[in-house]
Amino acid sequence: MKPPTSAVHRPRVRRLAAAAVGTSAAMLLAACGGSGFQDSSGAEQKSDGPITVLIGSSGDAETKAVTEAVKKWSDESGTKAEVRAASDLNQELAQGFAGGEPPDVFYLSTDQLASYASNGSLEPYASDLENADAFFPSLKDAFTYDDQFWCAPKDFSTLALVINTKMWKQAGLSEADIPTTWDELSAVAQKLTKGKQKGLVFSPEYQRVGVFFEQNGGGLVNDEGTEATVNSPENVEALTHVKKMLADGYAAYTTDVGAGWGGEAFGKGLAAMTIEGNWIAGAMENDYPDVDYQVVKLPAGPASEGTLQFTNCWGIASGSDNIKGSVALVEQLTSADQQMAFADAFGVMPSVVEVADEWKSANPEMAAFIESADFAGNLPTQEGAADVIGELNAQLATLKNTEPQQILDGVQKNMEAVVSP
Amino acid sequence: MTTRGSRPARAGLGNKARQEFAGWIFISPVVLLLGLFLLVPVLMAAWVSVSDWSGQGSPLSSDVSFVGAENYTRILFGGGLDTQDFGTSLRNNLYYVVLVVPLQTALALGLAVLVSKRLLKARGFFRTAFYFPSVTSSVAITALWLFLFNASGVVNKILSWVSIDGPNWFSDPRGVLHLLLGVVGIDTAPPALANGEFLGISWWEWLAGPSVAMSAFVLMAIFTTSGTFMLLFIAALQNIGPEMEEAATIDRANAWQRFRYITLPMLKPTMFTVITLGLIGTWQVFDQIYTGTQGGPAKTTLTPAYLSFNAAFNQNDWGEGAAIAFILFAIIVFFTLVQRWILRDRDKVTSTRDPRATAAAVEAER
């Protein structure tokens, strides 16, 4: 217990302490507020600072290829540039922007575009690129937000049907039996199902199941992206078809067969066919080199051929110290030659039209992927759409016990809130 | 201490003041550190939760504006996806807490009593063995768990010996309570439960119970944290001393009575600590979700902590992320107060209406 006399002096000490804490807090807040980062947009002509490139790499091959390409550019241009592979790209990117020190050039996914573009983080450089018109139009669409083409598509992937050729022959099927309609797909899947081996296996997510929506003329939003169409009759019909395939037992979710993704189920022989993108080539080569397979276009649905495509772009931070250099770097990285080098190194498809044929002849067994680009749809890119797709995926996991109409009605409500807020 | 007599009062008081000042100087590093790394960030997070900061630049810059409780109302009453996700995460975490906290406390106490027995051989070995999971990184244990509970993993292998076809644990979104209700023939929602809803999800969904995937996480939490709390109980048990037990034995109390009427009441302060720490830890569960399932399957392992991370870092909705964190904080405080109230000392409090009596009883107990 304190003696009462000290009370006389306590206020002074307390004032002193308060002042000390207050000063330090003010200093800290001033330091935080004073970064001035947000005032720097629009200044094209900046110092020739070093460039940081942040990538979300699929593995060593990709990291190595990008590092080499950037180093080559750096040596030629004399601008210092460094590549960093993020372990969690979204998180590191968000941290960079929040801290006022974003990387200059980075991978940006379609579902992150809207939020970064709308808060002024992104430099809208893409329409000024020399090769701006060289990209696939559907990829340009994927990175167009508010009528502005924001960033250059880095490369892309589509979904196709991957077939285990050994199981195919064992089931007595030939080249002529390759399915081109939903009915034919069901028929061969039935023949390919025996014991633990399922005819067709895919992940329980819109990023795979969505191909059936596209093939039935459906989609989550209309072509202009102005209206939510999640519970359209086309979509309900498509999802009912998926449910029937699962219920009849010749199709299954990856989770049902205990696999993490389609490639794993396929490689382990749990699936005779799967719906995956061109990344499966790398996985098969590394993890399941003994499995022979063939890639064909997905069968057409009642409406048309359809698939989904996935892409990332090279984002440039509006707060970069060297926007000019960053744009030059991206121009180099998206050039036809460089993209072919990337394609060789880690199995992606070039985003520019002119080398599509070259890629096709270099990878004849993968031709179906690039041929699918003609009719591939994008996922919705509205701000918040990724969340809605996440919710749809959560619902798709329970498809076997739920009515398709009910699932799509619920998600429609959420998509409406995103599309027309 | 007061100064006496002839010396001027100023000198004595000055001495006192100097001492206090020196005291402040000595603790100033800690005060500064805590202020800098605890208080200021918390205040900034509080500001972010009522602002429209989009994650670009400083949250204190001029183009970030105050939006009032908008982030909070959107989460709690908006009725959209944000509310739905929060409701789902709350349900998941509630079942997690309700299962993990009592079970881990009971197991920890049981283990502590066992390894405190003086007759037990190799006590040191058992203590280390039980404590071992607690010092292993949660990421490593999660990875191990993913293997053990794989569709064709060890757990399902063992279940198959007794002719049980084990589920595909980490990708099974079915709620355990729903499964049990299904056994007695209730597999669709009664209209009364299907129509009403709270926080965007129907009462029937609230009653789903933890999903099969979440149950695997529940088992993991019990497995990993019981060791830590066992340590706390061991320390408390050693404080009780053998004479108590001997006295009770002379009074012809049997083993259960000795435990129930001697040991357990004396462990009450430790019990409070263990349950409080358990509540806080389970409400903040994050690592396992982040490394294991990221909220899947079908969002049944989504927790408020992970939702907050996801809103901020993946959706760039920092206001919402911060708001979820503060709501979570409020929930933890609420549950801690509730358990404090439940564990209050009932015997000594004669009248709950008289706060002075309560205070006296509490004081006396200390």
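**View 1. B:Gln294 and its loop in chain B.** In this predicted model, B:Gln294 is partly exposed because its relative accessible area is 46%. The residue sits in the loop that runs between H14 and H15 of chain B. Its backbone is worth a look: phi of B:Gln294 is near 50°, a positive value in a residue other than glycine.

**View 2. B:Arg252, a residue with positive phi.** Here is a residue that is not a glycine and still has a positive phi, of about 65° for B:Arg252. You will find B:Arg252 in the loop between helix H11 (242-250) and helix H12 (255-266) of chain B. Its relative accessibility is 77%, so B:Arg252 counts as exposed.

**View 3. A salt bridge between B:Lys299 and B:Asp85.** The side chains of these two residues meet in a salt bridge, with 2.9 Å from N to O. B:Lys299 lies in the loop between helix H14 (287-292) and helix H15 (304-314) of chain B, while B:Asp85 belongs to helix H3 (residues 81-116), so the pair ties together parts that are 214 residues apart in sequence. As a cut-off to keep in mind, buried means under 20% relative accessible area.

**View 4. A salt-bridge network in chain B.** Pick out B:Arg74, B:Asp82, B:Asp317 and B:Glu320 here: salt bridges that share partners join these residues into one network. Side chains of opposite charge can pair when their charged atoms come close. Over all chains, the count comes to 21 salt bridges.

**View 5. The pair A:Lys244 and A:Asp248 within helix H9.** In chain A, a salt bridge links the side chains of A:Lys244 and A:Asp248, at 3.0 Å from N to O. The two residues are four residues apart in helix H9 (residues 233-248), and therefore about one helical turn separates them. A:Lys244 is partly exposed, with a relative accessible area of 48%, and A:Asp248 is also partly exposed, at 41%. If you trace from A:Asp248 to A:Met366, you go 118 residues along the chain, and the C-alpha atoms of the two are separated by 30 Å.

**View 6. A:Lys400 and A:Asp256, a salt bridge across the sequence.** The closest N and O atoms of A:Lys400 and A:Asp256 are 2.8 Å apart, and the two residues form a salt bridge. A:Lys400 is in the loop between helix H17 (385-396) and H18 of chain A, whereas A:Asp256 is in helix H10 (residues 254-257), so the pair ties together parts that are 144 residues apart in sequence. With a relative accessible area of 39%, A:Lys400 is partly exposed. A:Asp256 is partly exposed as well, with 40%.

**View 7. A negative patch that includes A:Glu416.** Which residues gather in a patch of negative charge on the surface? They are A:Asp223, A:Glu224, A:Glu227 and A:Glu416. A:Glu416 is part of helix H18 (residues 404-419) of chain A. This glutamate counts as partly exposed because its relative accessibility is 39%.

**View 8. A:Lys166 in helix H6.** A:Lys166 has its place in helix H6 (residues 165-170) of chain A. With a relative accessible area of 58%, A:Lys166 is exposed.

**View 9. A nonpolar patch around B:Leu38.** B:Val30, B:Leu34, B:Leu38, B:Leu39 and B:Leu43 make a nonpolar surface patch of about 490 Å². Among them, B:Leu38 lies in helix H1 (residues 9-49) of chain B. B:Leu38 counts as exposed because its relative accessibility is 52%.

View 10. An unreviewed UniProt entry lists several spans of chain B under "transmembrane region", including residues 21-48 and 128-148. In the model, residues 21-48 of chain B are 100% helix and 0% strand, and the end C-alpha atoms of this span lie 36 Å apart. For residues 128-148 of chain B, the end C-alpha atoms lie 22 Å apart, and the span is 90% helix and 0% strand.

Key. Residues numbered from 1 in each chain as written. Chains lettered and ligands numbered in written order. Predicted model: local features only at pLDDT ≥ 70, side-chain atom pairs only at ≥ 80, totals over all residues. Heavy atoms only, no water. Patch = residues over 30% accessible without salt bridge, like charges linked within 9 Å, V, L, I, M, F, W, Y side chains within 5 Å. Areas by Shrake-Rupley, 256 points an atom, 1.4 Å probe, with all protein chains shown as cover. Salt bridge = Lys/Arg side-chain N within 4 Å of Asp/Glu carboxyl O. Lys, Arg positive; Asp, Glu negative; His and termini not counted. Charge placed at Lys NZ, Arg CZ, Asp CG, Glu CD. Buried < 20%, exposed > 50% of the residue type's maximum accessible area, 1.4 Å probe, protein only. UniProt positions renumbered as here; feature names shortened; annotations may be inferred.
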